[in-house]
Amino acid sequence: MKLTREGIDRVAVLARLRLTPEEQASLTEDLDHILGYMEKLNQLDTADVEPFNHAVNIENTLRDDRVTNQPNADALLANAPARDATFFKVPKIIE
Amino acid sequence: MSLAQLTLHEASDKLRKRELTSVELTEAVYQRIADTDDKVHAYLTLAREAALEQANRADEKLKQATDPAPLLGIPIALKDNFLTKGLRTTCASKILGDFIPPYDATTVDKVRSAGAVIIGKTNLDEFAMGSSVENSAFFATCNPWNLERIPGGSSGGSAAAVAADECIAALGTDTGGSIRQPAACCGIVGLKPTYGRVSRYGIIAFASSMDQVGPMTKDVRDAALLLEAIAGQDPADSTSINSSVPRYSAALNGDIKGLRLGIPKEYFVSGMQIEVGEAVRSAIRELEKHGAVIEEISLPHTEYAVAVYYIVATAEASSNLARYDGMRFGRRANGKDLIETYMISRDEGFGAEVKRRIMLGTYALSAGYYDAYYLKAQRVRTLIRKDFDAAFGRCDVIVTPTAPTTAFRLGEKTQDPLQMYLSDIYTISINLAGLPAISLPCGFDGEGMPIGLQIIGKHFDEATILRVADTYERATEWHKTKPRIQDR
Amino acid sequence: MKYEPIIGLEVHAQLLTESKIFCGCSTKFGQEPNQNTCPVCAGFPGVLPVLNRRVVEFAIKAGLATHCEIARSSILARKNYFYPDLPKGYQISQYELPVCTGGYIDVDIDGTQKRVRLTRIHMEEDAGKNIHDAHGDASLVDLNRAGVPLLEIVSEPDMRTAAEAGAYLRTLRQILQYLEVCDGNMEEGSFRCDANVSIRPAGSEILGTKIEIKNLNSFRAVERAIKFEIDRQIDTLSDGGTLIQQTRLWDENREETRSMRSKESAHDYRYFPDPDLLPLIIDDTWTDEVRVTLPELPATRKQRFAAEYTLPAYDAELLTARKDVADYFEAAVKVHPNAKALSNWIVGDLFRVLKERKLDDQLYISHWPVAAAHLAQLVQMIDHGKITGKIAKTVFEAMLDSNKPPQQIVGETGLEQVSDTGSIETAIDQVLASNPKQLAQYQSGNEKVFGYFVGQIVKATQGRANPQMVNEILREKLKTSVRQ
């Protein structure tokens, strides 16, 4: 499955990554290389195999419905690149 | 001999006997760091003031305690993907900026509660992606055995710190070999517990279904003691198991008579450095002398492990790393609008390897490819797991080299990502199956570089692999050899 | 060409749990921005989700109440996309194996029953809120709502008219309110609805282009938007145009749907099972435990009220619209079995008070202005002739918030019905004596003056005189006076 230029662009947008033309070129090569290696998997017949679920065989780790957190907006906002009172301030979102 | 050269159990013993104070020990470690870290570059952040406060408190407790916990007063280093409250955490990435976590990882909380002294945060490959620490956004770490070589990765900083006595012990994380391979490169002990044995809460996630926290130490007993302190169910981690933690240190009785050692034929192939093969075979013979028996086994799907790993791990990582968007923490670039802000922040914040893996993972999950890549990989993962289940029907532990070669030279392999991936081949299957495994030194090559022996166990059978490792260690002197850190 | 509309509805219901779905933050509404947040729901590095057991219970409850199949094993999955109100960069939801599938809701539309099938019900977390900054160059993000548990309820496209859609929505909301899993408040956003509308030539099996409509903030909006959209689609096709699959927003002011400006045509959410969460196993024991807690559902209760209490369908409907009202009614009827009278008092006087005091805004009225038992006793006093119906109105007002039983109030204020002949005769005599003009009018044949006398007697006796007796005795006296 060869990766096209459009394919790379589409994936970059999905991942919110901006790639320079150089990065694009080297990435295309890298990914092709690795994806070719991945084609290996098609050698195996896995029709009757269940996808791996979890390494641990435990059921249902659930929590009780109780409020256990203390409000502390300041602690949470301490690392914010921008804030306005107790809001996170972000670039304008156009609906 | 500097106090910094003590092992955890030796130091604990001396502290208990009041032959030593935690403050003295901590100062000795910082002195050692001052002497050597300008060459090794193991640390990203040091926390001397806080550490000395902790050491003081530990000394107070030691005065009153009749049976102090083994970790009380012991200087520990943490890989910089562990969240430490109030102490800068970078994950060796620019994207976190000057992020100061508002909470401690569960395992950090545990070692703090046990009275350990946190020396600082060690270097790693950015977001734990890599096997040499060359992917750190800040600088490379050097192997104390030869400063021109890599320390292994991604927990290379922790491994180097332990090997260079820049801490008494350290914690690292292992997703595809990231504790074991650097342990092998640096001639120390590194243990990856069973998936679910130790809490992942507060560890910056890479591949959620594989990440595990583990001890990196100077000997096997230390690893057992540190594992005891960090293992156990965490209500904040849904994937951590509810099962009691054995006293691992009490199980080190040297008795491995009749123990069946599985030797997988797929691991002993050409491409392995000759000395590595020799050292590992020699180690196996040593174990046989102690009563273990060899069992030839096969893990037929070994060759597919790397492909499976690189699809599943990158897919999970691409999703885990979406939160690094410059909106609520970390570094934000100035874009003309929201989308541009996302893209530039992430472009400037992430290094090349991280971007590569995010792209790969996003691609593997994207519409039209999910079945062919992700789902297929997860099915093959089941086959790999089944290989191990079958093998463990015929043996008790599996013995292999930790890596096919000793540590590369810095810069040697970084241009070829595929080559780097291949060096993971002995460790990755274990993460895919969620098994516990330990690496410990078993010799040196002709250039004096350490060789690692890997012992893999059944799920939740850390006790057996520790016992085997300890038996071997006691019969050898590798762990007593220290690197002489020459000038670069 | 005749076209048939095909309508499906997707509802997001906010659940009434104390804490969020994956962390211990409070779900309480109206807090300062980012007060109800923690590293987990704010998507900080290193955090992990842990599922709230009650969310699962509520999902099972909703599934059982709508005849769904409850999955023995269901998976929580990540839905990946970037948005500032989505802190992790993914929403934890369910994709391939939701907790409930199948199921149906029977809906009453003007007497006819229509069965609307459900595709699925699944659990997911809500996103935070984006607010536009006053300065205009930024947006503000409040994550209090991020992580609040939601149930997404997807119907099959079984509805054919806007009215059916409205009825389905109301019925679904009522069920969720009865179950006490959601308060169903569309205006406040705890009950949200998106509509999927398409049309196809009547008789055709092939589905037309499906168009999604968002921004529906009231039942009215839902019905109007669907009506508008059906007409728009029919007009477009009739004029020879084509319909493109898209999402449209309902504009409440202009009363029309319009295309969203969004550039992304189709979202690629890259769903995959969340590796931080285990498959959710629901065994028969758990399902049975939840089944036992199911209340009698509205449709069943309405039918039973009509049958058991011999009430008109209209009354039964009003009394069972809310579970707390239905409970109140039944508590009252237990004390005094005059169902119709109680129904009248509740639907008339009590509802008026609830509305005035905005008590009907709450999902479950915890503090009734009049206790059910007391209302029942009031009706009982009327039925036993202790007070008149008119006096009862006064007693009712006095009972509000006093927590006193009617007997006490009547006793304190001396409002007993006067039923002894003597007093009534005296009162009548006095009235007749003081109104000679009207007496003369009556005697000369003006029957209407009778009402005037009654009014005066009521006034004179402060409404306490037994009206029947007043009538009888007055008639007698007037007859006698005429004869004289």
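Predicted model: local features only at pLDDT ≥ 70, side-chain atom pairs only at ≥ 80, totals over all residues.
**View 1. A:Leu17 in its surroundings.** A:Leu17 sits in the loop between helix H1 (5-14) and helix H2 (21-38) of chain A. Is this residue buried or exposed? A:Leu17 counts as buried, because its C-beta has 21 neighbours inside 10 Å and the cut-off for a buried residue is 20 or more. Leaving aside residues up to four places away in sequence, A:Leu17 touches A:Ala12 in chain A. A:Pro81 lies 64 residues from A:Leu17 along the chain. The C-alpha atoms of A:Leu17 and A:Pro81 are separated by 19 Å.

**View 2. Chain C against chain B.** How many residues does the contact take from each chain? Chain C gives 24 residues and chain B gives 32. The side of chain C that touches chain B has 15 nonpolar residues, with four polar and five charged.

**View 3. An open sheet of three strands in chain C.** The strand order is S6-S5-S17, and the pairing is antiparallel. Which strands form the edges? Strand S6 (90-93) and strand S17 (272-273) of chain C are the edge strands, each pairing on one side only. Strand S5 (residues 77-80) of chain C is joined to S17(C) by two bridges. These two strands run antiparallel. In S17(C), C:Phe272 is the bridge partner of C:Arg78. Strands of a sheet pair through backbone hydrogen bonds, either parallel or antiparallel.

**View 4. Domain 2 and domain 3 of chain C.** Chain C is divided into domain 1 (3-287), domain 2 (296-413) and domain 3 (421-483). Taken over C-alpha atoms, the centres of domain 2 and domain 3 of chain C are 34 Å apart. Their contact takes four residues from domain 2 of chain C and four residues from domain 3 of chain C. On the domain 2 side of this contact, the residues divide into one nonpolar, two polar and one charged.

Methods
Residues numbered from 1 in each chain as written. Chains lettered and ligands numbered in written order. Domains from an automatic or database assignment. Contact = placed C-beta atoms within 7 Å. Nonpolar A, V, L, I, M, F, W, Y, C, P; charged D, E, K, R; others polar. Pairing = 2+ DSSP bridges. Helix = DSSP H or I, 4+ residues; strand = E, 2+ residues; numbered from the N terminus. Buried ≥ 20, exposed ≤ 12 C-beta atoms within 10 Å, placed from the backbone.
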